[in-house]
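Here is a friendly note to read with the model open beside you. Take the points one at a time and find each residue as you go.

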Amino acid sequence: MAIVRPPKNTSKNGFGFISMIDNALTEGPELSSKLLGKAQGFYGLASQTDGALVMAMNFHIIQGKYNGSTLTILGRNQVSDKVREMPVIGGSGLFRFANGYAHANNNCQFYTLTLLFISSLCILSIALIIKEDQNNKSFAKTLDPNTLNLNKQQKLTQFHFYWHDIVSGKKPSSVMVIPPQANYSSTSFGMVAMIDDPLTEGPELSSKIVGKAQGFYGSASQEEVGLIMAMNFAFSEGKYNGSTITILGRNTVFSKVREMPVIGGSGMFRFARGYVQARTHQFTPSSGDAIVEYNVFVLHY
């Protein structure tokens, strides 16, 4: 169900559109097949040039021993691709401390989720396959983590780039999709903006583009300009092309240094954890445009 229509000043593909979902999860492709649970949350169009969505949803399972447990997904869904990968960033019930990834497949219309969850004594790997299996009626099975090379030592990678939040001009990279509440004008409390912000090697917008920051931010403080940031760094350069890093955190924009968690990733950053540090390089009050320097520290396999 559409809850936010795209702003009129955005591209023709519907950039800024947001839809709330309560979608059925079934064993087979038919809606009449066994119901395993619901996908509840929302998605929004976070690209000005293609169909890249930011997905924020919970898989609420209602079958078997997983009844009542949930898995939380936050990631980038390039819907035109045959297979899309999104991070599993957490869960509840049997999936407390979950960390993994989901594959969405257009042709077979199923989700495969691979994740780690930590109990008090052990680390286990679970694959949840939302698809009917003729030989095994269960929709979940246990895997050896070594099959995904999770026995390797993790490595720490640092990235440095500049984030361009452009709200002015005929083609902004950040568009307000929900206006602030009128009685909170000083902090814009309640405002939500969808972003498709360029990431560049240098502070100049003309410097080499290494990717896009796609997602949204919202003003979540009544006393100061404090944002909640939910975005995917989608890389387009070198060996990281096609991989993503997912950020979810608090950004008090007038602080000198802001730190936010890396909560997952896809491609080369499956099972990623880490943090980012943001420093404002330039802010233009007359236009609202901002250039922010990002240092990203990611622990991954």
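1. Start with a pair of side chains: that of Ser-266 makes a polar contact with that of Thr-244, at 2.6 Å. A polar contact is a pair of N or O atoms within 3.5 Å; within protein, one must be able to donate a hydrogen and the other to accept it, and residues adjacent in sequence count only if both atoms are side-chain atoms.

2. A word on the source: this is a predicted model, where local features need pLDDT of at least 70, side-chain atom pairs count only at pLDDT 80 or more, and totals for chains, interfaces and linings use all residues. Residues are numbered from 1 along each chain as its sequence is written, and side-chain values use heavy atoms, with hydrogens and water left out.

3. Is Ser-266 buried or exposed? Ser-266 is buried, its relative accessible area being 3% (buried means under 20%, exposed over 50%, partly exposed in between, with a 1.4 Å probe and protein chains only).

4. Ser-266 sits in strand S17, residues 258–266. Strands (E, at least two residues) and helices (H or I, at least four) are DSSP runs, numbered from the N terminus. The chain has 19 strands and zero helices.

5. Beyond neighbours within four places in sequence, Ser-266 is in contact (heavy atoms within 4.5 Å) with Glu-85, Gly-242, Ser-243 and Thr-244. Across the chain, 45% of contacts between residues at least 6 apart in sequence join residues at least 24 apart.

6. Finally, consider the whole chain: of its 301 residues, 49% are buried.
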